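Here is a short tour of one protein and its ligand.

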Amino acid sequence: MINRDGYTISLWQQHISAFPLGSTLQAHVYDVIIVGGGITGVTTAFLLQEAGFKCLLLEAANLGYGTTGGTTAHLNTLLDVSYETIGKNFGEQVARAVAVASANVIGFIEKMAQEYAIDCGFKTADAYQYAQNKEQDDALASQATAATNAGLDVGRVATLPLPLRCTSAIQVKGQAMFSPLPYLYELAKEFENIGGVILENTRVTNIEHKGKVEVTAGEHTFAGRKLVLATHIPPGINLLHLRCISYRSYAVAARLAQNDYPQDLYYDMEEPFHYIRSQEVDGEQYLIVGGEDHKTGHHENTNLCFRQLEAWVNKHFNVLEVTHRWSSQFYEPVDGLPYIGQLPGEEEDVYVATGFSGNGMIYGTIAALLLRDMLLGVLNELEMIFDPNRLKPIAGFSNFISHNADVAMQYVNKLLPAASLHLLADLAPGEGRVIKYESGKMAVYKDEGGELHSVSPVCTHLKCDVSWNSGEKSWDCPCHGARYNPDGQVLNCPATMALEPLHVAATVK
Ligand SMILES: Cc1cc2nc3c(=O)[nH]c(=O)nc-3n(C[C@H](O)[C@H](O)[C@H](O)COP(=O)(O)OP(=O)(O)OC[C@H]3O[C@@H](n4cnc5c(N)ncnc54)[C@H](O)[C@@H]3O)c2cc1C
């Protein structure tokens, strides 16, 4: 099993062993330094090394530690942000280009799996999206028209292959699924086989420009002609933190009482929607259902999200046993499309790929292919579409305003309802809380052994107060999604520094 940026254990992380590093550090100067060992970073590193660049991949923890280890790995051209929305915000031509790029990526992943004999259970499938009332019927009808116009093979169906109640439904051909970590790890091995270097447990904490890009990571300093930040959201402070909203999404894996696992991908139209599929892992079939999304740090009881998701699964499937429960983070771009290309506000040699919504298997791979073309100087029509410096279309603006109003509220309304120190006594083992005292405040966690761990609740990114995530036992920032473990160590960007440690014993009588 490998580590992931949370307390819960995903189906994927449980079924993979630590990456057997095959490369050794021989140089401190590279053509391209790639930061982040998820699907975006590993695919980018592989493609650039293959194209002739000398590459170094730096990962803060272990490969698959981020959302790639906590995904559900649908490979779908039927994207979370509908083609109707993409068409409205960017025009139908862009919607068509995004549909083509998404379909190409599914073909690319299949080709990679075949070429390198990657045992990742890649399988093609159909997708079904279904409505359950009149309002959803109307929304589905117009989304289906837009998807058809974008080039997807969409058909109407009267019933679903699964016993799920619906008032209308569509079937979309040309989708797929796979196990993400075997794919990631094999690709990483191939990257090393062609001369690439990987360093795990190496968090980048500083970037400077001295002719080349210099990055500081632990005791090392590396230089590269180009730097790719494949960290899911860029570290530090950047305009893109205002253009991406961080969300948590929840997933469960279950064994069913009968062998009637869904063969395809399913999406309802609830808010937030549920996403369903199954996958064979190590000879065992699992149903995988996701949903219950909410903004990071905005849910008081994240354990409830798991319970609600599980209740939904039990209502719709004959479940023998829920085997895994996990949650993970994604980033929603305000205007509906990812940001891939040169990092705004930085020198031209720094690239970024973020804002993938719940489609990062697709967009992370699109990013890798696009970044390769950009670094090779090959013209690619997607460069303008995903340009992180693009002007914000009007349609995204209201979402932008409301997200940042939300963030502003977090700055002003610094604390949860006033709590006082005596509440520490009530803290159950495994629970955390932000406590206010006299002129200060602290984030306190009581571990299973009853020991208190206390840190400053002030996020080191932009100084919002973190809140406790009971499901993942982490301190989550409601403003830009930075996350920390109970001792304040960074789990997720954009923070690069730990929460300040505080000593409860010295403060509490
Ligand atoms: C519950 C859930 C279900 C999803 N399901 C799907 C799906 O079905 N299909 C789909 O296409 N997408 C899905 N997504 C989205 C998709 O999983 C993600 O968009 C994708 O995994 C992001 O990959 P990444 O490589 O960009 O980032 P990550 O996988 O998060 O990798 C980033 C890496 O960067 C490292 N890092 C961060 N900061 C630093 C630093 N300073 N120095 C060094 N390393 C650093 C991290 O440790 C991490 O390993 C889902 C997301 C969630 C939350």
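## Around the ligand

Let's start with the shell: its residues divide into 13 nonpolar, 21 polar and 2 charged. Of the 36 residues around the ligand, those that come nearest are Thr 40, Glu 59, Thr 68, His 74 and Met 361.

The backbone takes part here too. A backbone N or O atom of Met 361 sits 2.8 Å from an oxygen atom of the ligand, and for Gly 66 a backbone N or O atom is 3.3 Å from a ligand oxygen atom. On its own the ligand has 1000 Å² of accessible area, and the protein covers 97% of it. Helix H2 (39–50), strand E15 (319–333) and helix H9 (360–376) are the elements that give two or more residues to the shell. H9 gives the most, with 3 residues.

Gly 37 is found in the loop between strand E1 (29–35) and H2. Is Gly 37 buried or exposed? Its relative accessibility is 2%, so Gly 37 counts as buried.

Beyond its neighbours within four places in sequence, Gly 37 is in contact with Val 42, Glu 59, Leu 63, Gly 64 and Leu 184. One of these, Glu 59, is also among the residues that come nearest to the ligand. For a sense of distance, Gly 37 and Ile 2 are 35 residues apart in sequence, and their C-alpha atoms are 13 Å apart in space.

Another loop, between strand E3 (74–75) and helix H3 (83–90), holds Thr 77. Thr 77 has a relative accessible area of 4%, and is therefore buried.

Which residues does Thr 77 contact, leaving aside its neighbours within four places in sequence? They are Tyr 83, Ser 102, Ala 103, Ile 106, Leu 152, Gly 174 and Gln 175.

## How confident is the model?

Please keep in mind that this is a predicted model. The protein averages a pLDDT of 92, and 92% of the residues score at least 70.

Two stretches call for some care. Over residues 411–420 the pLDDT stays under 50, and the model has 17 contacts beyond four places in sequence for them. Residues 505–509 also stay under 50 in pLDDT, with 6 contacts beyond four places in sequence.

Notes: Residues are numbered from 1 along each chain as its sequence is written. This is a predicted model: local features need pLDDT of at least 70, side-chain atom pairs count only at pLDDT 80 or more; totals for chains, interfaces and linings use all residues. Side-chain values use heavy atoms; hydrogens and water are left out. pLDDT is the predictor's confidence in each residue, from 0 to 100. Contact means heavy atoms within 4.5 Å. A residue is near a molecule or strand if one of its heavy atoms lies within 4 Å of it. A polar contact is a pair of N or O atoms within 3.5 Å; within protein, one must be able to donate a hydrogen and the other to accept it, and residues adjacent in sequence count only if both atoms are side-chain atoms. Accessible areas come from the Shrake-Rupley method with a 1.4 Å probe; for residues, only the protein chains shown count as cover. Helices (H or I, at least four residues) and strands (E, at least two) are DSSP runs, numbered from the N terminus. Ala, Val, Leu, Ile, Met, Phe, Trp, Tyr, Cys and Pro count as nonpolar, Asp, Glu, Lys and Arg as charged, and the others, Gly among them, as polar. Buried means under 20% relative accessible area, exposed over 50%, partly exposed in between (1.4 Å probe, protein chains only).
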